[in-house]
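Visitor: I would like to learn how to read a protein model, one feature at a time. Could you take me through this one slowly?

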Amino acid sequence: MERIRVGVVGCGGMARGHASRFSMILDQIEITATCDIVQERAQAVADLLPNQPFVTPDWRELYDHVDAVLLVLPHHLHHQATLDFLSHGKHVLVEKPMANSETECLEMIHCARRYDRVLMVAYCMRFHPLVVRMKEILDSKEYGECFQLSIWTEQLTSYAPDHWASSAKTLGGGQLFSHGCHYIDLMLWMLGKPVRGLHLGTNTGTPWMEREGTSNVTIEFEGGKLGYHMGTWGARGSRLGYSFHAHCTGGMLEAAFGEGKLIIHNQQPVHDPNNPHAVANQQVLLEVKHAKPTEVEMAHFIDCIRTGRKPLTDAVGSLEGLQVIWKLYEAEAQHQMADLSGMGLGSLRL
Ligand SMILES: NC(=O)c1ccc[n+]([C@@H]2O[C@H](COP(=O)([O-])OP(=O)(O)OC[C@H]3O[C@@H](n4cnc5c(N)ncnc54)[C@H](O)[C@@H]3O)[C@@H](O)[C@H]2O)c1
């Protein structure tokens, strides 16, 4: 089978991460071009690859070299770059968040339809083996009904004042929009239809952020389920790191990303007629030492190009997640609870 020619556009921090993990799929793709306005960065990513890709500072020079692109650009450039590549007949895997406004997202969706190209958003957490297994267990109700999903992401991330991520305009918001979008997407995927929610953010602790660098979200979902996400870029220390707790009626599922483990915590009855009691039980359900979600994500993108299948993280679903975030921000500014009824995955008819 012919390998699909892929270009990497934007060769900063995340692109270097992507490039160092492409090896698993190099039988399916060839990175034929790298692009960054700072040419040395494009060259540095090219140097990580086994072949010698075409290197350029101008993404418009890529059209003859690629069938598809991975856009790893500042958020305010996602929209224009996506339109340019789609309208030149290229498939697009764009990093999250899809774009900084609803109008831009809609234009991207319509453009992909018009040119009949795959447009996928890089929500790599959906492809993480611990997340995939947790979702399967929640769906199967193996440990009963889930009534509380708590997600913590605690990290220290800082940007120079002139970096695009320090400005709310180019970032598109604060920590919730930029990073929390992964976890709003996961909550909607795992817990279903939202009813109402609340966001509170602060930039105390992350003074380099124009908007919040620490974000707390609580969402009520249909069926009495609650979702909570606390994400911070200001953690000078952390015990939890990246951690999910899914409380179900039959036990608590813990995804401990630092340890690479999915653990069930529950009570085990002790059948002693003289002393019936229960003891705490802990069992590792899955252990993954070196998860490679971005490779699985790229393999899924390639499969969608070859088969015409709808991406798991398609553009419409991504917009639906961002709409929830924009609604939460709007309500926060008005000191109100956000009415999220009618929103969530599967709510848009376009
Ligand atoms: N999925 C994840 O877990 C994850 C993690 C980090 C970042 N990201 C996403 O990746 C994207 C990039 O983030 P980053 O942290 O790598 O940022 P970055 O600032 O490190 O890299 C962006 C690169 O784009 C280049 N660039 C800017 N304008 C350009 C243009 N017109 N043409 C070509 N190149 C241009 C910059 O020179 C820079 O090298 C963002 O969407 C971000 O949210 C995703």
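Visitor: Let me begin with the strands: which residue in β13 is the bridge partner of E254?

Guide: Please keep in mind that this is a predicted model. The bridge partner of E254 in β13 is I263, and this pair belongs to a set of 5 bridges that join strand β12 (residues 251–256) to strand β13 (residues 261–270), the two strands running antiparallel.

Visitor: What takes a positive phi in the hairpin of β12 and β13?

Guide: That is G260, whose phi is near 70 degrees, in a hairpin that has 4 residues between the strands.

Visitor: In which sense do β13 and β14 pair, and over how many bridges?

Guide: Strand β14 (residues 277–287) pairs with β13 in the antiparallel sense, over 10 bridges; within this pairing, I264 has Q283 of β14 as its bridge partner. These two strands also form a hairpin, with 6 residues between them.

Visitor: Now to the helices: how should I describe two that pack together?

Guide: The general idea is that two packed helices are described by the angle between their axes and by the distance between the axes. Here, the axes of helix α4 (residues 102–114) and helix α9 (residues 315–333) come within 10 Å and cross at roughly 170 degrees. Angles over 145 degrees count as roughly antiparallel, and therefore α4 and α9 are roughly antiparallel to each other.

Visitor: Which residues of α4 and α9 make the contact?

Guide: From α4 there are E102, C105, M108, I109 and A112, while α9 brings A315, V316, L319, L322 and Q323. Sorted by kind, the residues of this contact divide into 8 nonpolar, 1 polar and 1 charged.

Visitor: Why does P129 count as partly exposed?

Guide: P129, which lies in helix α5 (residues 129–140), counts as partly exposed because it has 17 C-beta neighbours inside 10 Å, whereas a buried residue would need 20 or more and an exposed one 12 or fewer. Leaving aside residues up to four places away in sequence, P129 touches L286, V288 and A291.

Visitor: Finally, which residues come nearest to the ligand?

Guide: Of the 23 residues around the ligand, those that come nearest are G10, G12, G13, M14 and E95. Helix α1 (residues 13–20) gives the largest share of this shell, namely 3 residues, and the shell as a whole divides into 14 nonpolar, 5 polar and 4 charged residues.

Notes: Residues numbered from 1 in each chain as written. Predicted model: local features only at pLDDT ≥ 70, side-chain atom pairs only at ≥ 80, totals over all residues. Near = placed C-beta within 6 Å. Nonpolar A, V, L, I, M, F, W, Y, C, P; charged D, E, K, R; others polar. Contact = placed C-beta atoms within 7 Å. Axes fitted to C-alpha atoms, helices over the stretch in contact; angles between N-to-C directions. Parallel < 35°, antiparallel > 145°, perpendicular 65-115°, else oblique. Pairing = 2+ DSSP bridges.
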